[in-house]
Amino acid sequence: MNAPTTPSADGGTSGEGGEWSWFTPSERPERPEQPERPEWQERPERPARAGGERVRPAPRSHRGLPERHPPAPAHQEHAHREHEHQRPADQPPERDARPQETPASGRAPSPDTLLIRRTMAEIEPIADKVTSYFYALLFIRHPEVRDLFPPAMDAQRDRLFKALLTAAEHADDPATLTAYLSRLGRGHRKYGTVPAHYPAVGECLIGALTRYAPDSWDEVTEAAWVRVYTAISQIMIDAAAEDERTSPAWWQAEIVGHELRTPDIAVVTVRPDRPYPFLAGQYTSLETPWWPRIWRHYSFSCAPRADGLLSFHVKAVPAGWVSRALVHRARPGDVIRLGGPAGSMTVDHSTDSGMLCLGGGTGIAPIKALVEDVARNGRSRPVEVFYGARRGDDLYDIDTMLRLQKSHPWLSVRPVVSDGPTLGLSGQLPQVVRKYGPWTTYDAYLSGPPGMIRSGVDTLVGIGIPSHRIRHDSLDELTAAG
């Protein structure tokens with residue numbers, strides 16, 4: 001399915017939103033259960049990591065460029081752990097302003113964080129100009145990095161700024177920031193990113209901020225940005241080096257099955273060139289041969305299989321380059337590339353709690369995978385699936401779900417249609433779910449368009465399901481990438 005973390009070009013959930021990060025868009029942070037405080041918050045200059053090079057603040061004469069240093073010896077290794085953010089204030093705070101908010105750690109924002117947020121507040125109204133200038137600098141000064149980016153940059157222009165907002169907001173929440181940046185670092189491997197690319201990005205970032213933040217920019221502010229960017233770079237470099245020990249940068253996968261379920265929805269089955277580790281409910285990034293360097297998120301529509309095959313439900317959307325290619329152009333024998341697995345919408349097999357699953361449109365794909373996972377685990381638990389679509393004809397996978405229901409007495413599947421005649425339930429999916437239950441002892445899983453997830457979360461919280469028992473992919477990503 002089109003992973004719920006990435007809405008389509010037309011605002012639907014189709015995987016066409018891509019990923020956003022420093023080079024390309026990526027995941028928003030998910031808050032770890034047990035926060036840790038990494039060393040860099042106390043000491044900007046960190047020891048080098050095995051497998052990656054050390055990055056430290058450069059002298060001012062280098063305009064904020066991190067310097068590179070040799071890899072560390074093995075005894076210096078350190079392991080890294082793997083929703084909504086606030087935007088900076090409309091007006092920059094005064095230099096001596098007292099903190100008005102505290103981060104998740106309970107401490108007041110650090111001086112560096114206050115300086116960075118002040119810069120972000122100044123450039124926010126002209127973010128498009130800042131990012132355009134940043135990319136112009138980057139491609140002119142370092143033309144060798146242009147190949148890391150997709151040919152068309154229109155959808156890319158504001159993604160660096162959004163990533164900066166995220167990092168700035170979580171600068172004093174090191175566990176969340178480290179988890180976020182570690183995922184970015186691992187994900188960047190598939191683009192061909194290497195440690196030497198980070199100084200180029202840092203140099204051009206400082207250059208863009210110097211030009212467009214004259215009111216808040218001075219030597220103290222620049223030093224703060226150098227320290228924070230240095231720390232950010234090191235976390236990403238370390239995570240990529242650690243990931244390289246166990247995983248390839250990408251997997252080659254041959255299409256072995258292509259079933260057109262509706263005129264614009266296809267079930268695509270692939271065989272990766274090596275074992276692909278993932279959990280039911282997760283998603284991956286995918287690149288086609290027709291649109292090089294353009295990656296899109298899609299959820300796995302099956303639990304791990306003995307034969308190693310993977311499958312996705314893809315809906316072609318207007319202006320959806322990757323989705324339309326996968327639905328209308330791809331054929332068995334074509335080879336695509338897969339990034340690593342991601343996502344936390346997985347089954348907790350340590351409990352027998354009931355599962356309430358809401359799948360809208362192609363959002364039924366990971367829900368189906370979760371059902372298969374429960375079945376293969378062998379522990380009976382009630383699983384209630386509400387499968388929503390606009391019209392009855394859009395319930396393209398209802399036969400599969402009903403066959404699963406027939407095979408497993410603990411599974412209940414209810415089709416829900418919002419418009420038009422139906423033999424099932426009628427209405428908006430979250431509102432229909434409210435009529436059943438009670439659900440207070442259930443774990444909830446939601447997958448589908450952004451609006452459905454938002455209203456679904458509100459509905460479930462309103463009927464008594466604690467928010468920590470409601471699982472879905474980040475709502476911020478649903479809107480940010482759109």
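Asp 112 has a relative accessible area of 19% and counts as buried (buried is under 20% relative accessible area, exposed over 50%, partly exposed in between, with a 1.4 Å probe and protein chains only). Before you start, note that this is a predicted model, where local features need pLDDT of at least 70, side-chain atom pairs count only at pLDDT 80 or more, and totals for chains, interfaces and linings use all residues. Residues are numbered from 1 along each chain as its sequence is written, and side-chain values use heavy atoms, with hydrogens and water left out.

**Exercise 1.** Find the salt-bridge partner of Asp 112 and say which helices the pair ties together.

*Solution.* 
- Start with the rule: a salt bridge is a side-chain nitrogen of Lys or Arg within 4 Å of a carboxyl oxygen of Asp or Glu. By this rule the count comes to 15 salt bridges.
- Asp 112 pairs with Arg 227, and their closest N and O atoms are 2.8 Å apart.
- Arg 227 lies in helix α6 (residues 219-244) and Asp 112 in helix α1 (residues 111-123), so the pair ties together parts that are 115 residues apart in sequence. Helices (H or I, at least four residues) and strands (E, at least two) are DSSP runs, numbered from the N terminus.
- Arg 227 is partly exposed, because its relative accessibility is 28%.

**Exercise 2.** Give the strand order of the open six-stranded sheet and name its edges.

*Solution.* 
- The order is β6-β5-β8-β3-β4-β7, with antiparallel pairing; two strands pair if DSSP finds at least two bridges between them.
- At the edges stand β6 (295-299) and β7 (310-315); each has a single partner strand, so one side of each is left without a neighbour in the sheet.
- On average, neighbouring strands are turned by 40° against each other, direction ignored.
- Helix α7 (residues 321-328) packs on this sheet and touches β3 (251-262), β4 (265-272), β5, β6 and β7 (contact means heavy atoms within 4.5 Å). The direction of α7 makes about 110° with that of β7. Axes are lines fitted to C-alpha atoms, for helices over the stretch in contact, and angles run from 0 to 180 degrees between N-to-C directions.

**Exercise 3.** Work out how Glu 287 is linked to β8.

*Solution.* 
- Strands β5 (residues 283-287) and β8 (residues 335-338) run antiparallel and are joined by two bridges.
- The bridge partner of Glu 287 in β8 is Arg 337.
- Arg 337 also forms a salt bridge with Glu 287, with the closest N and O atoms 2.6 Å apart.
- Arg 337 sits in β8 and Glu 287 in β5, so the pair ties together parts that are 50 residues apart in sequence.
- Both Arg 337 and Glu 287 are buried.

**Exercise 4.** Decide whether Val 385 is buried or exposed, and list what it touches.

*Solution.* 
- Val 385 belongs to strand β10 (residues 383-389).
- Its relative accessible area is 0%, so Val 385 is buried.
- Leaving out residues up to four places away in sequence, Val 385 touches Cys 357, Ile 364, Ile 367, Val 371, Met 401, Leu 411, Ser 412, Val 413 and Arg 414.
- Val 413 is 28 residues from Val 385 in sequence, yet 4.7 Å away in space, C-alpha to C-alpha.

**Exercise 5.** State how many disulfides a search of the whole structure finds.

*Solution.* 
- A disulfide is a pair of cysteine sulfur atoms within 2.5 Å.
- The search finds zero.
- As for individual cysteines, Cys 204 is buried at 0% relative accessibility, and Cys 302 is buried at 3%.
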